[in-house]
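Please read it alongside the model shown here.

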Amino acid sequence: MPNTPTLAAFDFDGTISTSDSLRAFVHGLVGQGRFATGALRSSPWLAGAWAGVCNRGTAKAQFLSATIGGMARRELEDAARHFATHELPKMIRPEMLDRVREHKRRGHRLVLVSASPSLYLNVWAAQAGFDAVLATELAFTDDRFTGHLASPNCWGPQKVVRLKQWLGDGERPATVYAYGDSRGDREMLAWADRPWLRGDGNALPPLPPHGADH
């Protein structure tokens, strides 16, 4: 990572977006019937994850296997480009996009850190000006989605693990901003110098005067 005094790390779902992007992507790709069938087949794992007795990554893989498992990489990538270009923009909170642009204008490094798949987040993040995407990766064999994850689910402690790996060699910017909205962002927010958690009327605070933010 090029040297920079300031890093801004953003969660995506619920923080930048207004709703769950993975659900919207899969539903738009496979339709209501297959989506509902897949949700039903994976419901024991999904319920377990909600109750905290099943690994979230396992539940996510079960859901994806039941809905888009076996699909060709090219078909998924084409759908991801369409979704990121035409559907995701409708789900973006304007004030968060403004914050992303303000960090970019100040020369801060921007990282999107999300449990959702990089498959479509890579496309949207590049369009939005992010420098990197640290997200959940899908596994492919013979250019077909295996129904498994190729990386640990990028949630909770894994977000900090991925950020430290991306920074490399124990490096840490002088100032780290982090934006989140849920339990899955707790460790990332605790790691940051200037955390912000959406919820309970917690309005997005203004950035400090230019030049005083690092």
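1. The side chains of D185 and K159 form a salt bridge with an N to O distance of 2.6 Å, a salt bridge being a side-chain nitrogen of Lys or Arg within 4 Å of a carboxyl oxygen of Asp or Glu. The two residues are 26 apart and connect distant parts of the chain: D185 is in the loop between β6 and α8 (186-191), and K159 is in helix α7. Both D185 and K159 are buried (under 20% relative accessible area; exposed is over 50%, and partly exposed lies in between, with a 1.4 Å probe and protein chains only). A network of salt bridges links D11, K159 and D185.

2. On provenance, the model is predicted: local features need pLDDT of at least 70 and side-chain atom pairs pLDDT 80 or more, while totals for chains, interfaces and linings use all residues. Residues are numbered from 1 along each chain as its sequence is written, and side-chain values use heavy atoms, with hydrogens and water left out.

3. The whole structure contains 12 salt bridges. In one of them, K104 pairs with D131, the closest N and O atoms being 3.3 Å apart. K104 belongs to helix α5 and D131 to the loop between α6 (118-128) and β3, so this pair ties together parts that are 27 residues apart in sequence. K104 is partly exposed at 36% relative accessibility, and D131 is likewise partly exposed at 29%.

4. R172 and D193 also meet in a salt bridge, at 3.3 Å from N to O. R172 lies in the loop between α7 and β6, D193 in the loop between α8 and β7, and they are 21 residues apart. R172 is partly exposed with a relative accessible area of 34%; D193 is partly exposed at 41%.

5. The chain has eight helices and seven strands (DSSP runs numbered from the N terminus: helices are H or I of at least four residues, strands E of at least two). Its radius of gyration, taken over C-alpha atoms, is 17 Å, close to the 17 Å given by the globule rule for 214 residues, so the chain is as compact as a globular protein of that length. The rule is 2.2 Å times the number of residues to the power 0.38. Of the 214 residues, 50% count as buried.

6. Five strands make an open parallel sheet in the order β3-β2-β1-β6-β7, where pairing requires at least two DSSP bridges between strands. The twist averages 15° from one strand to the next, with axes fitted to C-alpha atoms (for helices over the stretch in contact) and angles from 0 to 180 degrees between N-to-C directions. Within the sheet, β1 (residues 6-10) and β2 (residues 109-117) share four bridges, and A9 has V111 of β2 as its bridge partner.

7. Helix α5 (residues 94-105) lies across β1, β2, β6 (175-180) and β7, at about 160° to β1. Helix α7 (residues 157-167) packs on the sheet, touching β1, β2 and β3, and makes about 140° with β2; contact means heavy atoms within 4.5 Å.

8. Apart from these, β4 (residues 138-141) and β5 (residues 144-149) run antiparallel and are joined by three bridges, with F145 of β5 as the bridge partner of F140. Two residues separate the strands of this hairpin, in which D142 takes a positive phi near 55°.
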